[in-house]
Amino acid sequence: MERASRLSYFLWNTTPDDALLDAAESGALDTAEGVRAQAERLLSNDRARATARRFFADWLELDGTNKHASLESAPKSPEFYPEDSPALRAAMRAELEALAERALFEGDGRFESLLTTTDAYVNGPLAALYGVEGPADERTFSWVSLPRDQRAGIFTRAGFLSVFGSIEVKSPIRRGAYILEQVLCHPLGPPPPNASDVPVKGGAVEENGEVVHRTIRQDVEAKTSSGACASCHRIINPIGFAFEHYDALGRWQSQEAGGDAQAPYKLDIDARGSLPALAPDEDGVEVDGGVGMSAALAASPAARACLTKRFFQTALRRVPIDQDLASIEAATPTPESGGSMRDLILSLTTSNAFLHLRQKEE
């Protein structure tokens, strides 16, 4: 019955149904083939879609953490973002969940597709934010295509960008730190006790007796390039800088505007960044913009392995240990294999870690 429970809670997040209990009673779950057959049956049910939506919402931290508010509660300045509304926030969540569900259960289901698709599920307010034609009201949703030079996959969508944006301006530090920790499984740990908590806002600053205007990127670089901050920010910042074209609500901007009615200004945006090398056998990847970063992540072995670890944690409801690495490696799809995220899930259900209970160490 242990395997039946694991399968059901992993794929449906509830107790086993009668068919799964019958399979356990008959001994059909005693073999990996029998487990996979039941896993395929559970995945074909709509309850698996609901579980998938929940998984991706958790992965993207849409419900908030002890570090940030939820998507619906993330504070934004009404002065900077007059179009913000509860209906727009709800549409942002609906889009991300629909995009993840579509990627997993429809089309090719590949990790690359999730990170590079231009498909978008929008209502009127969200279409307006993306600058594309769409439904005319809040209640109606439809699938549209977004500009390929501006959007690619889930990390260039308003829901993600809003959660990891500040009240007034974008936040390359928060976006970069999220990608490192949750998409690449590279833990950063707490900031040093003497880390500066001065907010990054860009704008007018005095340099050498003259007033100059800084972009958000320039402000981040000035405040994090030396001292105790530099060691972590040398890998955080290059990732976050790739998303400089998206403001704190996820709007695309070709220039960064500032000032007031009496003294407005616009600055060119530099969205060059890089995906750092996090292991001795890896090379860093230079990118330009969120589309380039999304493509680099889609091709990253570290990102693929990290996603498998996230699914593993959901499947076994525990953090993987060294003995689990073989199961995780075997389940991780490679670009050459053409494997989908669906294949990843099915492979996990027939892995040694899933099929057998881990013995407690004496």
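Helices are taken as DSSP runs of at least four residues, numbered from the N terminus. In the predicted model described here, helix α13 spans residues 301–316 and is followed by R317, whose phi is positive, near 55°. The 16 residues of α13 reach 22 Å from the first C-alpha to the last, close to the 22 Å expected at 1.5 Å a residue. At the N-terminal end, α13 is capped by S300, a side-chain oxygen of which lies 3.2 Å from the backbone nitrogen of A302. Buried positions in α13 include A302, A303, R304, C306, L307 and T308, and R310, F311, F312, A315 and L316 are likewise buried.

The structure holds 17 aromatic pairs. One of them joins F10 and F354 in a tilted arrangement, with 6.2 Å between the centres and 50° between the planes. Because F10 belongs to helix α1 (residues 2–11) and F354 to helix α16 (residues 352–355), this pair ties together parts that are 344 residues apart in sequence. Both F10 and F354 are buried. A further pair, F55 with F56, is edge-to-face, at 5.1 Å centre to centre and 85° between the planes; F55 and F56 are both buried. Ring pairs also link F55 and F56 into a cluster with W59, F155, F160, F164, Y178, F243, Y246, W252 and F311.

The ring of F354 has the charged end of R6 over it, 6.0 Å from the ring centre. The charged end of R47 sits over the ring of W12, 3.7 Å from its centre.

The largest cavity contains about 110 Å³ of space. Its lining is formed by F10, L11, L43, A48, T51, A52, F55, L104, F105, F311, T314 and I345. Two or more lining residues are contributed by each of α1, α4 (46–59), α5 (86–105) and α13, and the largest share, four residues, comes from α4. Among the lining residues are F10, which pairs with F354, and F55 and F311, which belong to the aromatic cluster.

Definitions and conventions. Residues numbered from 1 in each chain as written. Predicted model: local features only at pLDDT ≥ 70, side-chain atom pairs only at ≥ 80, totals over all residues. Heavy atoms only, no water. Phe/Tyr/Trp six-rings, centres within 6.5 Å; stacked < 30°, edge-to-face > 60°. Buried < 20%, exposed > 50% of the residue type's maximum accessible area, 1.4 Å probe, protein only. Lys NZ or Arg CZ within 6 Å of the ring centre and 35° of its normal. Expected span 1.5 Å × (residues − 1). Polar contact = N/O pair within 3.5 Å; in protein donor to acceptor, adjacent residues only side chain to side chain. 1 Å grid on protein atoms, 1.4 Å probe; cavity = no way out; pocket = protein on both sides within 12 Å on 5 of 7 lines; lining within 4 Å. Points joined across faces, edges and corners; volume = space filled by probe spheres on them.
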